[in-house]
Every structure is written in structure tokens, then in C-alpha cells.
Amino acid sequence: MNQLAIIGPTASGKSDLAIKIALKTNAYILSIDSLSIYKEIDIVSAKPSKEELSKVKHFGINVLSPDEYFSVDIFISLYKEVVKNCKENAKNLVIVGGTSFYLKSLMQGLSTLPSISQEIKTRVNEQLKNLTECYELLSRNDAEYMKNIDKNDAYRIEKALLIYEASGLTPSQWFSKNPPKPIIEKMPIYNIEVSRETIRERIKKRTTAMLEMGLIDEVCVLEQKYSRLPHSMSSIGIVEVLEFLDAKVEKEEMCELISIHTAQLAKRQQTFNKTQFDGLISAPLEELEEIILSP
């Protein structure tokens, strides 16, 4: 099985290119997009259409409900399942998306976790009934690790507490003794080069198209069904619509804010992609297909 990755900022044309490459290389596609993983978040995530999804088998799309938590370890488990599927069906793999942090996690790997007994799980579940107390306990013992975890992030607090209870070590101590091992040793990574001006124009057009497709109605349904508490509900596109629904901004300002915040995200993605991957192959979209397919 051969595999490659296509990355680039939002609205740079990654999905279309990935489908073209997959069709020509007998490949499946694995999405690394932190929103497309969720069912029902269709317009906001700008996930491929049903027609596009039917052309090539996609993984990592419509996997979780919006109120379920998505994390690096869940993504790595998904990747391993996809690789198994590819090998069973004699397929190659194209990894594509804007959340390059997940791709980076494949290259770096994850530390193994201690063996966690049912007794420890039960004890931790009891402790988690007071999330604030758990957070304070962990912060006192491992301030460095906990400084990047929000006091309301139940998923990561639970994970840290399980490590602490099962190993007798703080998370920092555990990860120091159990460094991560790469999941992928080496893989060609292709980056779409695009000017920020072009990206801004595409984002404006896409924002207008999202509104015409029913963006506001989609967010209304999501809020009614899942409330505003899930992590997915704090995404760009959803937050601004919620502000509009709260009468904090006018519709025109809402559109402008979505475009501005998405452009800021694209800038961060470009910076991350250029600084985090060794041997990155960068070229404009119109040149990349030929570069990828060249022998």
C-alpha cells in the first residue's frame, strides 16, 4: 500500500485534487478535517457533496455525532482501521484536509497509556462528578501539563486523571518515561501554495454559497438538538451564526465575521504547514496533480 498526503489552507481546492488523485491511483481517501468528522455538520464544514463522496470511498467523514468528542487518539485509531481496510482491498491511500495537526500526530505518534483496570475507571468516574476538584488536583501536581487544558474539558481531564491513578505518575512524568513512536515513518506530503488574496476571495464566495445553501437553518437545528455545549459548536461559522441569532450582530456583519475568521484560520494553517513538516513538496494547485502523478 502506498500513501500520500495533500494539505493546504481552507478553500484551496484540496478535496477536488484528492478525488482526482485517488481515482488515478486506485486509492481510498482519509479526511483530516476536524469538522467533517461530524454527522449533520454539512454546510459549515464544507464537506464534499454526496456526489463527490460517491466517486471515491472516503473515511473520516460523518463518523461522530456533534456532541461526541474528537481527539488525536481517536483519529489515530481511525487511521489504523483505514490502513487495514486499504490492505484488505488492495487500495492505496490519499490523506487530505486542513487540520494538519492530525497528520503531524501520525508522523510523531502517541505515547502508550498505562494499563487501566475497571476498578480505576470506576474510581475515576466517581471523582469526575466534581470536575473542578479533579482539575485542581491535577494542576497542583502537574501545573505544566494542565496549563493547556481548560477547566471544563472533561475528556482531557479524565484522560490525565486515568494516567495519574493507573501509573502513580503525573501525565508529564508518564509521557517523559513513555515517549511517542511514529505511526508513519515516511510519506510524501504535498502542500497547495496559494496567495492569501486568492484565499480571501474564495472564502468570501464560499461564505455566500453556504448562506444560500441554508447555513443559518443548519445551525438552528444543531443548537436545538445538541445545545451550545459540545466542542463542535464552538467552530467558525457556527459561533458567528449563533451571535446573529442572539441579535448581537446583523446578517451582513455575521457574513463578514465568518469570512474574516476563516481567513485568519487559513493564515494559521499556512504557517503550520510550512513549519511543521520536513521535505514538504509545495506548488500551486494547477501544478500539483502532475507533480504527484509523475514517476
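In which sense, left-handed or right-handed, does H3 pass H4 in their crossing?

1. The crossing of H3 past H4 is right-handed. This and every point that follows refer to a predicted model.

2. Helix H3 spans residues 72-88 and helix H4 spans residues 100-108. The two pack with their axes 10 Å apart, at an angle of about 70°. Since angles of 65 to 115 degrees count as roughly perpendicular, H3 is therefore described as roughly perpendicular to H4.

3. On the H3 side, the contact is made by Val72, Phe75, Ile76 and Tyr79. Their counterparts in H4 are Phe101, Tyr102, Ser105 and Leu106. Sorted by class, the contact of H3 with H4 comprises 7 nonpolar residues and 1 polar residue, with no charged residues.

4. Strand E1 (residues 3-7) pairs with E5 in the parallel sense, over 3 bridges. Within this pairing, isoleucine 6 has tyrosine 190 of E5 as its bridge partner.

5. E5 also pairs with strand E6 (residues 281-284), in the parallel sense and over 4 bridges. Here glutamate 193 stands opposite proline 284 of E6.

Conventions: Residues are numbered from 1 along each chain as its sequence is written. This is a predicted model: local features need pLDDT of at least 70, side-chain atom pairs count only at pLDDT 80 or more; totals for chains, interfaces and linings use all residues. Side-chain values use heavy atoms; hydrogens and water are left out. Axes are lines fitted to C-alpha atoms, for helices over the stretch in contact, and angles run from 0 to 180 degrees between N-to-C directions. Angles under 35 degrees count as roughly parallel, over 145 as roughly antiparallel, 65 to 115 as roughly perpendicular and the rest as oblique. A crossing is left-handed if the near helix is turned anticlockwise from the far one by less than a right angle, and right-handed if clockwise. Contact means heavy atoms within 4.5 Å. Ala, Val, Leu, Ile, Met, Phe, Trp, Tyr, Cys and Pro count as nonpolar, Asp, Glu, Lys and Arg as charged, and the others, Gly among them, as polar. Two strands pair if DSSP finds at least two bridges between them.
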